[in-house]
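Hello,

Here is the structure I promised to pass on. Please open it first, then read my notes below.

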Amino acid sequence: MIAFPHCKVNIGLDVLRKRPDGYHDIETVMYPVRGLCDSLEIVPAADGAQTPVLTVSGALSECSPQDNIVMKAWRLMHEAYGIGGVRMHLHKSVPSGAGLGGGSADGAFALRMLDSLFALETDAGHLECMALALGSDVPFFLHDAPQLCSGRGETMRPAPIDLKGWWMVLVKPAVSVSTAEAYAGITPRMPEEPLSERLARPMNTWREAVANDFEPTVFAAHPELAAVKRKLYEAGARYASMSGSGSALYGLFADLPDYPAGKGVFVLQL
(Lines give C-alpha, C1' and ligand atoms only; values in the text may rest on other atoms or scores of the structure.)
Protein backbone atom coordinates (compact mmCIF):
# COMPACT_ATOMS: atom_id res chain seq x y z
CA MET A 1 0.00 0.00 0.00
CA ILE A 2 1.38 3.38 -1.00
CA ALA A 3 0.13 6.93 -0.39
CA PHE A 4 1.42 10.45 -0.87
CA PRO A 5 1.20 12.64 2.25
CA HIS A 6 1.01 16.22 1.02
CA CYS A 7 1.79 19.49 2.74
CA LYS A 8 -0.38 22.45 3.75
CA VAL A 9 -0.05 26.19 4.08
CA ASN A 10 -1.60 28.54 6.60
CA ILE A 11 -3.71 31.39 5.28
CA GLY A 12 -3.68 33.88 8.13
CA LEU A 13 -2.54 32.91 11.61
CA ASP A 14 -3.75 34.73 14.71
CA VAL A 15 -2.16 33.85 18.06
CA LEU A 16 -4.96 34.76 20.44
CA ARG A 17 -3.91 33.85 23.98
CA LYS A 18 -1.64 31.63 26.06
CA ARG A 19 -3.42 28.73 27.72
CA PRO A 20 -2.92 27.35 31.25
CA ASP A 21 -1.50 24.14 29.73
CA GLY A 22 1.34 26.11 28.12
CA TYR A 23 -0.04 25.95 24.58
CA HIS A 24 -1.53 28.90 22.70
CA ASP A 25 -5.00 29.34 21.25
CA ILE A 26 -4.74 30.19 17.58
CA GLU A 27 -7.02 30.77 14.64
CA THR A 28 -5.86 29.92 11.12
CA VAL A 29 -7.01 28.39 7.86
CA MET A 30 -5.05 25.32 6.85
CA TYR A 31 -5.16 24.72 3.11
CA PRO A 32 -3.99 21.42 1.53
CA VAL A 33 -1.27 21.67 -1.12
CA ARG A 34 -1.24 18.38 -3.00
CA GLY A 35 1.48 19.28 -5.48
CA LEU A 36 4.27 18.84 -2.92
CA CYS A 37 4.20 15.52 -1.10
CA ASP A 38 6.16 12.71 0.49
CA SER A 39 5.59 9.07 -0.42
CA LEU A 40 4.84 6.40 2.16
CA GLU A 41 4.68 2.65 1.55
CA ILE A 42 3.45 0.21 4.20
CA VAL A 43 3.25 -3.57 3.74
CA PRO A 44 2.80 -6.41 6.25
CA ALA A 45 6.02 -7.94 7.54
CA ALA A 46 6.76 -10.85 5.19
CA ASP A 47 8.21 -13.07 7.91
CA GLY A 48 5.34 -12.61 10.34
CA ALA A 49 7.44 -10.37 12.60
CA GLN A 50 5.51 -8.42 15.19
CA THR A 51 7.79 -5.38 15.16
CA PRO A 52 7.85 -2.60 12.55
CA VAL A 53 10.78 -1.59 10.35
CA LEU A 54 10.99 1.92 8.91
CA THR A 55 13.47 3.15 6.34
CA VAL A 56 13.67 6.77 5.25
CA SER A 57 15.13 8.42 2.15
CA GLY A 58 15.05 11.78 0.43
CA ALA A 59 15.27 15.04 2.38
CA LEU A 60 16.61 13.47 5.56
CA SER A 61 16.29 15.13 8.95
CA GLU A 62 18.13 14.50 12.20
CA CYS A 63 15.18 12.43 13.45
CA SER A 64 16.01 8.73 13.79
CA PRO A 65 13.59 6.18 12.27
CA GLN A 66 12.57 5.03 15.76
CA ASP A 67 11.51 8.58 16.66
CA ASN A 68 9.79 9.28 13.33
CA ILE A 69 6.09 10.16 13.55
CA VAL A 70 5.27 7.25 11.23
CA MET A 71 6.73 4.85 13.79
CA LYS A 72 4.81 6.63 16.54
CA ALA A 73 1.61 6.13 14.53
CA TRP A 74 2.29 2.38 14.34
CA ARG A 75 2.87 2.25 18.10
CA LEU A 76 -0.48 3.95 18.76
CA MET A 77 -2.27 1.46 16.51
CA HIS A 78 -0.40 -1.45 18.09
CA GLU A 79 -1.32 -0.32 21.61
CA ALA A 80 -4.97 0.19 20.64
CA TYR A 81 -5.53 -2.85 18.41
CA GLY A 82 -2.50 -5.13 18.68
CA ILE A 83 -1.65 -4.84 14.98
CA GLY A 84 1.25 -6.89 13.70
CA GLY A 85 4.59 -5.90 12.26
CA VAL A 86 4.99 -3.96 9.05
CA ARG A 87 7.71 -2.77 6.74
CA MET A 88 7.47 0.95 5.98
CA HIS A 89 9.43 3.19 3.67
CA LEU A 90 9.09 6.98 3.78
CA HIS A 91 10.58 9.14 1.05
CA LYS A 92 10.74 12.76 2.16
CA SER A 93 10.21 15.58 -0.34
CA VAL A 94 8.39 18.12 1.85
CA PRO A 95 11.03 20.27 3.59
CA SER A 96 11.19 20.06 7.37
CA GLY A 97 11.40 23.09 9.66
CA ALA A 98 9.22 24.90 7.16
CA GLY A 99 5.73 25.27 8.66
CA LEU A 100 4.31 23.04 5.92
CA GLY A 101 3.14 20.17 8.13
CA GLY A 102 5.12 17.50 6.30
CA GLY A 103 5.67 15.38 9.40
CA SER A 104 2.06 15.83 10.52
CA ALA A 105 0.85 14.64 7.12
CA ASP A 106 3.08 11.56 7.37
CA GLY A 107 1.57 10.71 10.75
CA ALA A 108 -2.03 11.16 9.64
CA PHE A 109 -1.57 9.16 6.45
CA ALA A 110 0.19 6.39 8.39
CA LEU A 111 -2.75 6.09 10.78
CA ARG A 112 -5.23 5.88 7.92
CA MET A 113 -3.10 3.40 5.96
CA LEU A 114 -2.61 1.12 8.98
CA ASP A 115 -6.35 1.27 9.68
CA SER A 116 -7.02 0.14 6.10
CA LEU A 117 -4.20 -2.42 5.92
CA PHE A 118 -5.44 -4.24 9.01
CA ALA A 119 -9.16 -3.71 8.20
CA LEU A 120 -9.75 -2.07 11.59
CA GLU A 121 -12.58 0.28 10.56
CA THR A 122 -11.59 2.63 13.38
CA ASP A 123 -14.24 5.11 14.46
CA ALA A 124 -13.48 8.53 12.96
CA GLY A 125 -13.51 10.16 16.39
CA HIS A 126 -11.02 7.66 17.81
CA LEU A 127 -8.76 8.06 14.78
CA GLU A 128 -8.82 11.82 15.27
CA CYS A 129 -7.90 11.41 18.97
CA MET A 130 -4.91 9.30 17.99
CA ALA A 131 -3.94 11.89 15.40
CA LEU A 132 -4.07 14.63 18.04
CA ALA A 133 -1.82 12.53 20.28
CA LEU A 134 0.77 12.76 17.49
CA GLY A 135 0.55 16.54 17.14
CA SER A 136 -1.78 19.52 16.93
CA ASP A 137 -1.71 19.70 13.11
CA VAL A 138 -2.13 15.98 12.49
CA PRO A 139 -5.98 15.80 12.62
CA PHE A 140 -6.19 18.34 9.78
CA PHE A 141 -4.71 15.82 7.36
CA LEU A 142 -7.49 13.35 8.14
CA HIS A 143 -10.00 15.91 6.81
CA ASP A 144 -7.89 16.73 3.75
CA ALA A 145 -9.86 19.87 2.86
CA PRO A 146 -9.56 23.58 3.80
CA GLN A 147 -10.35 24.01 7.49
CA LEU A 148 -10.70 26.96 9.83
CA CYS A 149 -8.69 25.73 12.80
CA SER A 150 -8.84 27.03 16.35
CA GLY A 151 -7.77 25.93 19.83
CA ARG A 152 -4.30 24.37 19.40
CA GLY A 153 -5.29 23.84 15.77
CA GLU A 154 -7.31 20.71 16.45
CA THR A 155 -10.79 22.29 16.50
CA MET A 156 -11.90 22.52 12.89
CA ARG A 157 -14.75 23.51 10.68
CA PRO A 158 -14.79 23.67 6.87
CA ALA A 159 -13.39 26.90 5.42
CA PRO A 160 -15.17 28.14 2.27
CA ILE A 161 -11.97 28.98 0.40
CA ASP A 162 -11.39 27.53 -3.06
CA LEU A 163 -8.08 28.25 -4.76
CA LYS A 164 -8.48 25.65 -7.50
CA GLY A 165 -6.70 26.82 -10.64
CA TRP A 166 -4.54 29.35 -8.82
CA TRP A 167 -0.76 29.11 -8.95
CA MET A 168 1.43 28.99 -5.89
CA VAL A 169 5.12 29.73 -5.58
CA LEU A 170 6.39 28.01 -2.44
CA VAL A 171 9.85 29.00 -1.23
CA LYS A 172 11.82 27.17 1.47
CA PRO A 173 14.97 29.18 2.26
CA ALA A 174 18.02 27.48 3.72
CA VAL A 175 17.21 28.76 7.20
CA SER A 176 14.83 26.76 9.40
CA VAL A 177 12.69 28.12 12.24
CA SER A 178 11.66 25.95 15.18
CA THR A 179 8.20 26.30 16.66
CA ALA A 180 9.80 27.15 20.02
CA GLU A 181 11.79 29.98 18.43
CA ALA A 182 8.69 31.38 16.73
CA TYR A 183 6.59 31.34 19.90
CA ALA A 184 9.39 32.82 22.04
CA GLY A 185 8.87 36.27 20.56
CA ILE A 186 5.10 36.22 20.16
CA THR A 187 2.69 38.58 21.90
CA PRO A 188 -0.82 37.10 21.82
CA ARG A 189 -3.60 39.46 20.78
CA MET A 190 -7.28 39.38 19.95
CA PRO A 191 -7.98 40.86 16.48
CA GLU A 192 -10.76 43.36 16.03
CA GLU A 193 -12.33 41.20 13.32
CA PRO A 194 -12.34 37.38 13.17
CA LEU A 195 -10.13 35.76 10.56
CA SER A 196 -13.11 34.14 8.83
CA GLU A 197 -14.64 37.55 8.12
CA ARG A 198 -11.38 38.99 6.77
CA LEU A 199 -10.89 36.00 4.48
CA ALA A 200 -14.45 36.32 3.17
CA ARG A 201 -13.47 39.57 1.45
CA PRO A 202 -11.73 39.69 -1.97
CA MET A 203 -8.14 38.47 -2.06
CA ASN A 204 -6.86 41.93 -2.97
CA THR A 205 -7.72 42.98 0.61
CA TRP A 206 -5.82 40.13 2.25
CA ARG A 207 -2.40 41.77 2.01
CA GLU A 208 -3.39 44.37 4.60
CA ALA A 209 -6.00 42.42 6.56
CA VAL A 210 -4.78 38.80 6.76
CA ALA A 211 -1.51 38.42 8.65
CA ASN A 212 0.61 35.69 10.16
CA ASP A 213 1.37 36.81 13.72
CA PHE A 214 4.72 35.01 13.69
CA GLU A 215 6.12 37.14 10.88
CA PRO A 216 7.28 40.24 12.82
CA THR A 217 9.57 38.41 15.24
CA VAL A 218 10.68 35.72 12.78
CA PHE A 219 11.47 38.32 10.12
CA ALA A 220 13.41 40.40 12.66
CA ALA A 221 15.59 37.38 13.43
CA HIS A 222 15.83 36.24 9.79
CA PRO A 223 15.64 39.27 7.44
CA GLU A 224 16.17 37.00 4.42
CA LEU A 225 12.64 35.67 4.95
CA ALA A 226 11.16 39.17 4.74
CA ALA A 227 13.13 39.63 1.52
CA VAL A 228 11.52 36.51 0.03
CA LYS A 229 8.06 37.83 0.83
CA ARG A 230 8.88 41.16 -0.86
CA LYS A 231 10.18 39.27 -3.90
CA LEU A 232 6.93 37.30 -4.16
CA TYR A 233 4.90 40.51 -4.24
CA GLU A 234 7.30 42.05 -6.74
CA ALA A 235 6.71 39.01 -8.97
CA GLY A 236 2.98 39.73 -8.95
CA ALA A 237 1.59 37.66 -6.10
CA ARG A 238 -1.95 38.63 -5.14
CA TYR A 239 -1.19 37.47 -1.60
CA ALA A 240 1.99 36.29 0.10
CA SER A 241 2.67 34.97 3.58
CA MET A 242 4.84 32.80 5.75
CA SER A 243 3.28 29.41 6.44
CA GLY A 244 2.83 28.43 10.07
CA SER A 245 5.87 29.25 12.17
CA GLY A 246 8.08 29.25 9.05
CA SER A 247 10.43 29.26 7.40
CA ALA A 248 8.58 28.53 4.13
CA LEU A 249 6.79 31.37 2.37
CA TYR A 250 4.28 31.26 -0.45
CA GLY A 251 2.66 33.56 -2.94
CA LEU A 252 -0.68 33.13 -4.73
CA PHE A 253 -0.81 34.04 -8.42
CA ALA A 254 -3.76 34.18 -10.80
CA ASP A 255 -1.55 33.09 -13.73
CA LEU A 256 1.61 31.04 -14.17
CA PRO A 257 4.22 33.21 -12.42
CA ASP A 258 7.56 34.25 -13.84
CA TYR A 259 9.55 33.49 -10.70
CA PRO A 260 13.25 32.57 -10.72
CA ALA A 261 13.89 28.86 -10.35
CA GLY A 262 16.26 27.72 -7.64
CA LYS A 263 16.84 25.35 -4.78
CA GLY A 264 13.86 25.29 -2.46
CA VAL A 265 11.52 26.95 -4.99
CA PHE A 266 8.37 25.04 -5.97
CA VAL A 267 5.88 26.30 -8.58
CA LEU A 268 2.57 24.50 -8.16
CA GLN A 269 -0.92 24.74 -9.59
CA LEU A 270 -3.60 24.28 -6.96
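Val171 stands opposite Leu249 of strand 11. That places us in strand 9, which pairs with strand 11 (residues 249-253) in the antiparallel sense over 5 bridges. Please keep in mind that this is a predicted model.

Strand 9 also pairs with strand 12 (residues 265-269), again antiparallel and over 5 bridges. Here Leu170 has Phe266 as its bridge partner.

How many residues of strand 9 are buried? The count is 5 of the 5 residues in 167-171, so the strand is largely enclosed by the rest of the structure. Both of its faces are covered. Trp167, Val169 and Val171 are buried on one side, and Met168 and Leu170 are buried on the other. In general, side chains of a regular strand alternate between the two faces of the sheet.

Inside the order, strand 3 (residues 24-37) and strand 7 (residues 147-151) are antiparallel partners over 5 bridges. Thr28 stands opposite Cys149 of strand 7.

Now the salt bridges. Side chains of opposite charge can pair when their charged atoms come close. With a cut-off of 4 Å between nitrogen and carboxyl oxygen, the count comes to 12 salt bridges.

One of them joins Lys8 and Asp137, at 4.0 Å from N to O. Lys8 lies in strand 2 (residues 6-18), and Asp137 lies in the loop between helix 3 (124-134) and helix 4 (140-143), so the pair ties together parts that are 129 residues apart in sequence. Is Lys8 buried or exposed? Lys8 is buried, with a relative accessible area of 2%. Asp137 is partly exposed, at 22%.

Asp14 forms a salt bridge with Arg189, with the closest N and O atoms 3.9 Å apart. This pair, too, links distant parts of the chain. Asp14 is in strand 2, and Arg189 is in the loop between helix 5 (179-184) and helix 6 (195-199), 175 residues apart. Asp14 counts as buried, at 0% relative accessibility. Arg189 counts as partly exposed, at 35%.

Asp25 is buried, with a relative accessible area of 14%.

Last, a pair of helices. Two packed helices are described by the angle and the distance between their axes. The axes of helix 1 (residues 69-81) and helix 2 (residues 102-117) come within 8 Å and cross at roughly 35°. The crossing is right-handed. Helix 1 makes the contact with Ile69, Val70, Ala73, Trp74 and Met77. Helix 2 brings Gly103, Ser104, Asp106, Gly107, Ala110, Leu111, Leu114 and Asp115. By type, the contact residues of the two helices divide into 8 nonpolar, 3 polar and 2 charged.

Over to you.

Best wishes

Note on methods: Residues numbered from 1 in each chain as written. Predicted model: local features only at pLDDT ≥ 70, side-chain atom pairs only at ≥ 80, totals over all residues. Heavy atoms only, no water. Axes fitted to C-alpha atoms, helices over the stretch in contact; angles between N-to-C directions. Helix = DSSP H or I, 4+ residues; strand = E, 2+ residues; numbered from the N terminus. Left-handed = near helix turned anticlockwise from the far one by under 90°. Contact = heavy atoms within 4.5 Å. Nonpolar A, V, L, I, M, F, W, Y, C, P; charged D, E, K, R; others polar. Salt bridge = Lys/Arg side-chain N within 4 Å of Asp/Glu carboxyl O. Buried < 20%, exposed > 50% of the residue type's maximum accessible area, 1.4 Å probe, protein only. Pairing = 2+ DSSP bridges.
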